[in-house]
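Subject: Handing over a structure

Dear colleague,

Please find the structure below, which I am passing on to you together with my notes. I would be glad if you read the notes with the structure open beside them.

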Amino acid sequence: MGRRIATAALLLFGLNALKGVVALDNGLAITPQMGWNTWNSFGCSLNETVILDAAEKLVSLGFKDLGYEYVVLDDCWSAGRNASGYLVPDPAKFPNGIDGLAEKIHALGLKIGIYSSAGTMTCARYAGSLGYEEKDAALWASWGIDYLKYDNCYNQGQEGTPKLSYDRYNAMGQALNKTGRPILYSLCNWGVDGPWNFASTIANSWRTSGDLLNTWDRDDANCPCSELEGLDCKTPGYKCSILNVINKAVYYPSKAFPGAWNDLDMLQVGNGGLTDDEAVAHMSLWAAFKSPLLMTNVLSNIDPPTLSILQNPAVLAVSQDPVGSSVNRIWRYYVDDVDANGYGEIQLFSGGLAGGDQLVLLLNAGSKDRTMNATLEDIFWEDGPGGTASQVQQSWDVYDLWANRMSNETAAAIINAANSTGSAAPAAPINMTALGGAKHVYSQVPPSDSKALMGTKVGSVQPSGTVKAFVKAHGVAMLRLRQQSQKKDEL
Ligand code: GAL
């Protein structure tokens, strides 16, 4: 009885807490948004054909089924403003208008996003929305737009204090709310003025640093981050490597919560600059940090390894986990085998998941493969120094979330089927539709025997024990710990 009351109270508390914190109160991005964006692969060469092609591929390759739902147009879609001050889509790129495109994207069961800047011009010098917030939001809503990525170029110097940035971005947030249409608001000011401190009440996500380069790591004056060299990791920087973005994001994981996420920038998986291990690490880290997952690769020529990285349901379940809390970095050590930037490092990240599970991410950013260790005391450090007795004194099963990565043969079969018949994937990793849809599946605690959602059990760890994992250079081990059933409770 006592236990029941406690559970009910917890549930009530949970619901109220959620209600109170949802950004914008627009009910969107309760888990980090997933989708595809034009920018990294198409830049200003976007048009209706390439966007519809990507949208169709999201469906036929099985991405939609796994939860990738937003198709986002980035910069360069407009032809300026008309005499009444309304934005006009480029007629050569969008012969059916953006409303015509939106209709087709909606007919595929997907959602459509658009882009502008909180400045007089966008970064590619197209018309910006500063001073036109209400007009633009109303127009986008009338077109059926579901998502806005809102950039920071040409902002007329209206930044430099959190208040200046807040006011400028709040104007668009208010305008979007006023339309009455739920429009996911993705703020893109590259971390200037610390959006993690001011944006959670007005936006669903905010970029934490400059654009993510298609590279694992580099010694970069544009995006400094080395404690060894005395460089400040808290400066947002621009043109950042994967490792630099992570080393900056570690300072504010607690600022993210359901409806309001730290955006580490769009995925570079499949864009050619990363080794397979690096791409796996990139995907794992973004899921663990609860960053939005926006793919940017060309879906019409996706290769099997890329498909299998982007379509691992066990990793997507971490991203979309209902608890919605980012991992924390527990430790970072420098190692002797150096990287391109002159040093190597290893890190442990840990965070809570639904059902009392714990995510453990071991990152090896050294240049040699190595066995890495994490004690339960460290893994549960965030619950109090040394962890809590109730967690450290338990036995845990350890699941490797990448163990059941789709084989290249299966991935190739999916790609061939999508290319030849345009039909849905024949061998998708998990049948989400049969299970009630991606959102439903991810909102549940995955059953221990679900190979797709739990990977494979690779061992267990005893009370006060240590998790050990072999981690390739520039790679991760992504492990899910599940408490073993307690015999004494069952008696
Ligand atoms: C940058 C932004 C990129 C992309 C680009 C378009 O400021 O960070 O993600 O949107 O502008 O010009």
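Two strands count as paired if DSSP finds at least two bridges between them, and strands (E, at least two residues) as well as helices (H or I, at least four) are DSSP runs, numbered from the N terminus. In this predicted model, local features need a pLDDT of at least 70 and side-chain atom pairs count only at pLDDT 80 or more, while totals for chains, interfaces and linings use all residues. Residues are numbered from 1 along each chain as its sequence is written, and side-chain values use heavy atoms, with hydrogens and water left out.

The antiparallel sheet: six strands form an open sheet in the order β11-β12-β13-β18-β15-β16, with antiparallel pairing. Its edge strands, each pairing on one side only, are β11 (328-335) and β16 (456-461). Strand β15 (residues 396-400) is joined to β16 by five bridges, and the bridge partner of Y399 in β16 is K457. Helix α9 (residues 276-288) lies across β12, β13 and β18 (475-483), running at about 45° to β18; here an angle, from 0 to 180 degrees, is taken between N-to-C directions of axes, which are lines fitted to C-alpha atoms, for helices over the stretch in contact, and contact means heavy atoms within 4.5 Å.

The parallel sheet: eight strands make an open sheet with parallel pairing, in the order β9-β8-β7-β6-β5-β2-β1-β10, and its edge strands are β9 (261-263) and β10 (293-295). Within this sheet, four bridges join β6 (residues 147-151) to β7 (residues 184-187), where L148 stands opposite Y185. Helix α3 (residues 48-60) lies across β1 (34-37), β2 (70-72) and β10, at about 160° to β2.

The ligand: 13 residues surround the ligand, and the closest are D74, D75, K149, D151 and D211; a residue is counted here if one of its heavy atoms lies within 4 Å of the ligand. This shell divides into seven nonpolar, no polar and six charged residues, where Ala, Val, Leu, Ile, Met, Phe, Trp, Tyr, Cys and Pro count as nonpolar, Asp, Glu, Lys and Arg as charged, and the others, Gly among them, as polar. An N or O atom in the side chain of D74 is 2.7 Å from an oxygen atom of the ligand, and a polar side-chain atom of D151 lies 2.9 Å from a ligand oxygen atom.

Notes: A polar contact is a pair of N or O atoms within 3.5 Å; within protein, one must be able to donate a hydrogen and the other to accept it, and residues adjacent in sequence count only if both atoms are side-chain atoms.
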